[in-house]
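Reader: I have the sequence and the model open. Can you walk me through the fold?

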Amino acid sequence: MASSIVGGGNKYRDYLSDGELKNTKWRNGPPSYDVVDKLFEQERTNVWAEGSVEEKVQRLLKTWEMEIVHKADPNELKTMDPNKFTISVNGRKGLTPAESAKLGGSYNIFLQTSLPENVRLYNPDDETFESSQNLFRSIFLRGFAIEILHVYSGPPGIVYKFRHWGYMDAPFKGHAPTGQLVELFGIGTFELDKESNKIIKAEMFFDRGELLGGLVKGESNVASTCPFMK
C-alpha cells in the first residue's frame, strides 16, 4: 500500500507534498482538501491508529480517489497500475482507465444505471466529467467525505466497508437544498499487484439510491416524468 508522506503534505492522502503539488499535471490545478478534511474529522465514526490496517486502507482509498479525480496524466498515477487496472461497480463489467474516461469518469462510473432514461434521477449519459464534478461540488459545499468502517481482509486482496457523506447545501436537478445529511454505505475491494503493490482491480458495491434519494427530498420546480415521484 502507499506509504505515508515524508516532508509535508496531506494528513490523509499520499503524493501531495509541496514538490508533487508543483510538478504533477492536475486537471484543474492542485487539489485542496481543507474543507472536506474538516468534515471528516468532525464526523468520522472511528479514529484509526496510525499504522493499523484500517488507517492504511483508508489512506489508500483516499489517495486513490484523489488521483483518479484530479490527476490528468495516467502515467502519474501512483496508487494503481494504469496498464492493468480495471474498476467495476455493482457487478458490472470492469472498465479500463480509457473506458472510464469515455464514460466521463468519477461520478458517471459510480452512478451507472440500467433504469429507463425517463426515471433516472441522475443520467450519466447526459453528463461529462466536468459537469458531474461541478454539480456535486456545488451541492456538497462542506465536501463529500469518505471513511473506512471496517476492513475484512488485508493486502493483497483488500475487502472493506465504507461510508460516504455530505450535506445538501445547494439545489440538485431542480430540487431545493435541504441542508440535511446525505450518506451512503458500501463494500469495496482492491486487488494489489504482488510485485508493485499497486491496485490492479477495484470493485464497489452500494445502493446509488441512498445518495440520489437524499438529494430529491427538497421541493422540486421541475415536472417529474418518474411515476414514483408523482
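Author: One term to begin with: two strands pair if DSSP finds at least two bridges between them. Helices (H or I, at least four residues) and strands (E, at least two) are DSSP runs, numbered from the N terminus. Gly 186 stands opposite Phe 206 in S5.

Reader: Before more of that, what kind of model is this, and how are residues numbered?

Author: It is a predicted model, where local features need pLDDT of at least 70 and side-chain atom pairs count only at pLDDT 80 or more, while totals for chains, interfaces and linings use all residues. Residues are numbered from 1 along each chain as its sequence is written, and side-chain values use heavy atoms, with hydrogens and water left out.

Reader: OK, the sheet. What order do the strands come in?

Author: The order is S1-S5-S4-S3-S2, five strands in an open sheet with mixed pairing. From one strand to the next the twist averages 20°; axes here are lines fitted to C-alpha atoms, for helices over the stretch in contact, and angles run from 0 to 180 degrees between N-to-C directions.

Reader: Which helix packs on the sheet?

Author: Helix H3 (residues 53-70) does, touching S1, S2, S3 (157-167), S4 and S5. Contact means heavy atoms within 4.5 Å. The direction of H3 makes about 130° with that of S2.

Reader: Back to S5. Is S4 with S5 parallel or antiparallel?

Author: Antiparallel: S4 (residues 181-192) and S5 (residues 199-206) pair over seven bridges. Leu 192 has Ile 199 as its bridge partner in S5. The two strands form a hairpin with six residues between them, and Asn 197 in the turn has a positive phi of about 65°.

Reader: And S1 with S5, parallel or antiparallel?

Author: Parallel, over four bridges. Val 89 has Met 204 as its bridge partner in S5.

Reader: There's a lysine in S5, Lys 201. Is Lys 201 buried or partly exposed?

Author: Partly exposed, with a relative accessible area of 33%. Buried means under 20% relative accessible area, exposed over 50%, and partly exposed in between (1.4 Å probe, protein chains only). Leaving out residues up to four places away in sequence, Lys 201 touches Phe 85, Thr 86, Thr 189, Phe 190 and Glu 191. Lys 201 and Phe 190 are 11 residues apart in sequence and 5.8 Å apart in space, C-alpha to C-alpha.

Reader: New topic: H6. Which of its residues are buried?

Author: In H6 (residues 129-139) they are Phe 129, Ser 132, Gln 133, Leu 135, Phe 136 and Ile 139. Seen down the axis of H6, they fall within an arc of 160°, so they line one face of the helix. The arc is that of the directions from the helix axis to the C-beta atoms.

Reader: What covers them?

Author: The cover includes H3, H5 (106-110), S3 and H7 (208-213).

Reader: Last one, the largest nonpolar core. How many residues?

Author: It has 40. A nonpolar core is a set of buried Ala, Val, Leu, Ile, Met, Phe, Trp, Tyr and Cys residues joined through side-chain atoms within 4.5 Å. Those with the most contacts inside it include Trp 64, Phe 136, Phe 190 and Leu 211. A second, separate core of 12 residues includes Leu 16, Met 66, Trp 165 and Tyr 167.
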